[in-house]
Amino acid sequence: MFLPILLGFLVGVALCLTFGTVFFALIQNSVDNGFRSGMKIVLGVITGDTLFVLAALLGTAFIPKVQGFENIMAAVGVLFLVAMGLVNILKGTPRLAYPKTSFGNFVYYFTTGFFLNALNPVNFVSWVAIVAYIRSHLHYNDAQQYGFMIAALVGVFATESALAYYANRLKRLFTPRVVLIFNRTTGVVFLIGAANIAYSRLLEPLSKAMNW
């Protein structure tokens, strides 16, 4: 049982170091608004990942069958990422009006992390692929599968918490010019993520369906 747990933890760590939209959003918010804001984003991300893992392990039968649901989610994800990308690029250092109440503040950051993670269909596909691999290739039994996936979630949480902590600790290195470059880089990453989802989940299937 030790090996599945160890491998699961390492997989969780690796998933956090792919320099995607969640990575850059977490670093940016931790630098701009402190460790606590970063942790609220982490909680949103881990909540989305937990739902994906449960769906991958238990199957998707309990998810309502809505025609075109995946395409709708992909389209919403594209719009969400494009909006965030343009805000970062055009404003450089965003001056967002964050909620002043503690509850509103928590909801803002939590939902940012959750939607950045959940609205990217690639994340769900990744978890499903991992479950399929440990079942068909590693031949893990149920206990090993759950141990592996729980450890993976712990790895995600631990790594993203560390990123939020050390990003804020290095805040003094982020001069106005560095912040401007970083925020614009983050914006470009968001737009690339949006383009990737639009092509792989919307345009490519449509092209195949119409034999373009």
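Reader: Before we start, what are the axes here, and what range do the angles cover?
Author: Axes are lines fitted to C-alpha atoms, for helices over the stretch in contact. Angles run from 0 to 180 degrees between N-to-C directions. Also, this is a predicted model.

Reader: Good. At what angle do helix 2 and helix 3 cross?
Author: Roughly 155 degrees. Helix 2 covers residues 21-33, helix 3 covers residues 35-58, and their axes come within 6 Å. Angles over 145 count as roughly antiparallel, so helix 2 is roughly antiparallel to helix 3.

Reader: Which residues meet there?
Author: From helix 2, V22, A25, L26, N29, S30 and N33. From helix 3, F35, S37, G38, I41, V42 and V45.

Reader: New topic. How many residues has helix 7?
Author: It has 28, residues 142-169. Helix 7 reaches 41 Å from first C-alpha to last, close to the expected 40 Å.

Reader: What happens at its start?
Author: A side-chain oxygen of N141 reaches to within 3.2 Å of the backbone nitrogen of A143.

Reader: Which transmembrane regions does UniProt list?
Author: Its unreviewed entry includes residues 146-166 among them. That span is 100% helix, with end C-alpha atoms 30 Å apart.

Key
Residues are numbered from 1 along each chain as its sequence is written. This is a predicted model: local features need pLDDT of at least 70, side-chain atom pairs count only at pLDDT 80 or more; totals for chains, interfaces and linings use all residues. Side-chain values use heavy atoms; hydrogens and water are left out. Helices (H or I, at least four residues) and strands (E, at least two) are DSSP runs, numbered from the N terminus. Angles under 35 degrees count as roughly parallel, over 145 as roughly antiparallel, 65 to 115 as roughly perpendicular and the rest as oblique. Contact means heavy atoms within 4.5 Å. The expected span of a helix is 1.5 Å times one less than its number of residues. A polar contact is a pair of N or O atoms within 3.5 Å; within protein, one must be able to donate a hydrogen and the other to accept it, and residues adjacent in sequence count only if both atoms are side-chain atoms. UniProt positions are given in the numbering used here, feature names are shortened, and annotations may be inferred rather than shown by experiment.
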